[in-house]
Amino acid sequence: KWNCLRIIRKCKLMSGIMMQLLGSGAGGADLGWYTILGVPPGQEMNFCDLVIASDDTIICGGNADNAKLFLASFNTDGALQNTRYYYPASGHFRKDNGVGMDINSSDKISISFSDNSTSTRRGAAMVLNKDLTSYMSSNRILTTGNRTWGSPDHNFFKSGIADNNVFYWGGLWTDNNQNQFGAFQYDAANLSQGHRTYTGVPSTPYSFAWISNTRIAMGTNVDYSNSSGGQIIVIDSTDMVETSGANTDWAKTVDFNASGNSKLYIKDIRYDGTYLYSVSDGYDQNNTDDIGICKFTGSNGTLQWAKRYSIDTGTSKIGGLQITIDSSGNIFFVGESAFNSTDAIIFGKINSSGTAQFAHKIVPTSPYSRGSKVNNGTFKSGIACDSEGKVYIATTWNNDDPYGDGTTADFDRPVLMKLDPDGNTVGTFTGVTISIINIGEVSNAANVTNTSQEIDVYNQYESPNVITTATTTTAVGGSYALTSF
């Protein structure tokens, strides 16, 4: 057992950020911290994803007031470094379906989100520098055509950027009562034309991961009659400009429906330089508290292992799963669930061999809650590891008393957590309770096979729309020093 010394230190900056240290364990082990950004009463902000730069700067992305793209950066001690908004000259950027972020070796950040500058909800994307300024000229943002993106629930916008600054972004829309997915490829350095692709319908894309500067992996869920569950498809990015179908480099059908288990859908894929990983859950179509994880050799698709895990939520709901991989090949996941009407964040660890290490539920305490509004598919949480293996989660709480006078309301607040990777951040702390829940492997529940499925390419010469945006830098005032444990 860890004898938690509860050290609480509250520091308020001129910028309105509040930090609360979770405490330290026996022997002075660092159990982490969390921060809640203070925002003016009546305003809302959220975090949906994060990336970590080469110097361990943590960059979080989300939405402000359902109108602006909102970004904030922190150091590993939780000190706020910079914040910035981007917003169109007319219209607004909605919080629907959150944001998707990726970062390359030169610290260029791709981010995708929802643009409502017109009468329809469009997928949008841009590339940023580590200091949150725009890498693309004139604060350029690219958007898709005038289609309503973002249905069904938990279809989050995703983005991926290669080391040569070519990036992808994509999402799902409904057209003639059929779900279709699109992906844009764009060279941010040379501002060359992007190309849209579609795959067979109905389908739901959830992630992109670069294998190299020219090879892109897509995690999709294609409900063909001969397919069950998700597909991992790796193609050469130059195929995006061809007039015929994009030939697959390698592709796998990922079926976690074996032995009569409920169907799971791919939600995220990640590449660690050697292996490609996928994570699946069933929240879109099935009530299940199971998740599935696959590990492939990125160069040729050789399956290392595929396992299904059952997590004891008590509600049979886990959704919005995201993963990150540390330097030792450990897999950390974050998702959301509801525990007897108490919405919670799920956090867990699987080792490099696929053995479950732990699972935790994280529940904020009054006046904060995870909230049904956060848990209805609008948001997800992001997860990433720094160079020392510490784990960070960017998420959103609801503030049930935003005015501080007992008036009941429901406002989003962005949250960043730093957690111990060995699962020692457990206990009741000021503002949050973190508790252990059971996780176990489900036997004979995975079937991964080769597939020859091609991605059908249409309208590939349709350029993305280009809009320029205003940007506001919010100065960070004041400073503070953390007390060492």
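Visitor: Which side chain meets that of R270 in a salt bridge?

Guide: A salt bridge is read from the gap between a side-chain nitrogen of Lys or Arg and a carboxyl oxygen of Asp or Glu, which must lie within 4 Å. In this predicted model, the partner of R270 is D268, at 3.1 Å from N to O. The structure holds nine salt bridges.

Visitor: Is D268 buried or exposed?

Guide: Buried means under 20% relative accessible area. D268 has a value of 0%, and is therefore buried. K158 is buried as well.

Visitor: How far apart are the closest N and O atoms of R308 and D290?

Guide: They are 2.8 Å apart, and the two residues form a salt bridge. This pair links strand β24, which holds R308, with strand β23, which holds D290; the residues are 18 apart. R308 counts as buried because its relative accessibility is 1%, and D290 counts as buried at 8%. Elsewhere, shared partners join K158, D268 and R270 into one network of salt bridges.

Visitor: Where does N330 lie?

Guide: N330 is in the loop between β25 and β26. N330 is buried, with a relative accessible area of 14%. Beyond its neighbours within four places in sequence, its contacts include T324, K349 and S352.

Terms used
Residues numbered from 1 in each chain as written. Predicted model: local features only at pLDDT ≥ 70, side-chain atom pairs only at ≥ 80, totals over all residues. Heavy atoms only, no water. Helix = DSSP H or I, 4+ residues; strand = E, 2+ residues; numbered from the N terminus. Buried < 20%, exposed > 50% of the residue type's maximum accessible area, 1.4 Å probe, protein only. Contact = heavy atoms within 4.5 Å.
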